[in-house]
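Student: Could you take me through the ligand site in this one? I'd like a close look at what surrounds the ligand and how that part ties into the rest.

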Amino acid sequence: MLSPLKIENQGTVAPKWTDEVTIMRAAGIVGLGSYVPEKVLTNFDLEKLVETSDDWITTRTGIKERRVADAHETTTTMAIEAAKAALADANISAKEVDLIIVATVTPDYFFPSTACQVQHAIGSPKAAAFDLLVGCTGFVYGVVTACQFVQTGSSNCALVIGSETLTRIVDWTDRKTCVLFGDGAGAAVIAPVPDGKGLLGFDLGSDGSGGPLLKVEAIQGCCMSPSTIGLNGRPTIYMNGNEVFKFAVRVMADSTLAAVQNAGLTIDDVDLIVPHQANIRIIDAAARRLGVPMEKIVVNVDKYGNTSAASIPIAMDEAKRCGLMKEGSVVVAVGFGAGLSWSSFVMRM
Ligand SMILES: CC(C)(COP(=O)(O)OP(=O)(O)OC[C@H]1O[C@@H](n2cnc3c(N)ncnc32)[C@H](O)[C@@H]1OP(=O)(O)O)[C@@H](O)C(=O)NCCC(=O)NCCS
């Protein structure tokens with residue numbers, strides 16, 4: 001459980017934090033883990049499903065293949081595996097975890113939350129747990145939120161997980177969307193770190209006026225429009241790809257710069273950028289706007305496609321394991337997506 005924050009209630013005057021919670025300390029990622037299903041769906045496999053080609057998908061998106069959850073794999077089971085891997089990487093017991101945040105747009109249930117199921121499965125009796133829904137930007141929102149709890153001393157060890165089974169909500173007859181998405185999960189452990197390390201700055205934002213550009217309707221028979229019902233009668237993803245593309249290029253660059261400025265740094269101080277993996281052309285265009293060489297940008301969209309809230313933690317975990325992200329590296333993670341929304345953080349690892 002999180003320690004209750006003591007607030008001096010002063011009637012009409014804004015509440016003041018007590019000394020107990022004004023004590024700030026550095027917080028950052030101390031462990032990373034990920035899980036992707038074994039089953040691979042290549043562009044050549046997709047050629048047999050819809051009128052498309054490996055050449056079109058590769059040229060327009062950079063995606064070569066994506067992972068697809070099998071019947072036994074769900075958003076929850078993948079979240080659990082990623083969480084266990086991150087805890088092992090941090091060398092921290094699940095019993096120490098006091099906060100669990102799961103970012104997902106594809107929960108197995110409206111309720112109970114995925115986070116509560118993870119709490120039970122990994123064995124974290126002290127943990128508060130909730131899900132967070134901010135589309136593809138959810139993991140970064142989650143990390144920034146968890147860091148606030150750890151910085152104030154309200155949490156000592158938090159787990160932030162992004163987990164998605166997007167292949168269960170795509171319309172497999174719509175070539176404009178079904179080629180883009182994949183399944184997987186990634187997780188980070190957030191804990192106190194030495195001064196000067198951890199979260200240095202962030203930028204979170206939204207523009208709900210763009211909501212209709214990228215959506216999945218929720219309750220059948222409530223507000224469903226025929227265009228978003230798949231063949232199986234379930235709601236599926238609707239996206240205006242061209243508009244989302246322009247939005248993504250703009251906010252990926254702008255939000256990165258805003259977070260870097262918030263951290264008191266310049267873009268030249270950044271060692272590595274881990275962007276949401278949606279489309280290589282979005283990443284390329286944003287890198288050019290930022291004046292950052294592609295060697296400083298983590299890309300694995302070719303292997304997994306767009307895994308929404310899972311894409312950044314999977315990419316961070318891989319970057320760490322292959323030695324791209326080192327102790328002391330200044331890393332920016334930047335997300336964009338449904339809402340519309342965007343988010344970035346700057347962290348010294
Ligand atoms: C979806 C996306 C790849 C489409 O690429 P694009 O270059 O904009 O392509 P267009 O939508 O303009 O379509 C061009 C043509 O290719 C066709 N096309 C679309 N999907 C196709 C596919 N999978 N295979 C073959 N042809 C396809 C279109 O029907 C269109 O044909 P037409 O000119 O005869 O009408 C691109 O808009 C995109 O990546 N957008 C952002 C998506 C995203 O990142 N979303 C998630 C954000 S979190």
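Tutor: Of the 20 residues around it, Thr52, Gly241, Phe245, Ala278 and Gly337 come nearest; a residue counts as near when its C-beta atom, placed from the backbone, lies within 6 Å of the molecule. Keep in mind that this is a predicted model: local features need pLDDT of at least 70 and side-chain atom pairs count only at pLDDT 80 or more, while totals for chains, interfaces and linings use all residues. Residues are numbered from 1 along each chain as its sequence is written.

Now the shell by element. Helix H8 (241–262) gives the largest share, five residues, and helix H3 (54–61) and helix H7 (175–178) each supply at least two. Helices here are DSSP runs of H or I with at least four residues, strands are E runs of at least two, and both are numbered from the N terminus.

Let's zoom in on Ala278, which sits in the loop between strand S13 and helix H9 (280–290). Ala278 is buried, with 27 other C-beta atoms within 10 Å; the cut-offs are 20 or more for buried, 12 or fewer for exposed, and partly exposed in between, with C-beta atoms placed from the backbone. Leaving out neighbours within four places in sequence, Ala278 contacts Cys136, Ala248, Val301 and Asn306, where a contact means C-beta atoms, placed from the backbone, within 7 Å. Take Asn306: it is 28 residues away from Ala278 in sequence, yet their C-alpha atoms are 4.7 Å apart.

S10 pairs with S15 (residues 341–348) in the antiparallel sense, over eight bridges. Within that pair, Gly198 has Arg348 as its bridge partner.

Zooming out, the protein has eleven helices and 15 strands. Buried residues make up 51% of its 349 residues. Among contacts between residues at least 6 apart in sequence, 77% join residues at least 24 apart.

Note on methods
Two residues are in contact if their C-beta atoms, placed from the backbone, lie within 7 Å. Two strands pair if DSSP finds at least two bridges between them.
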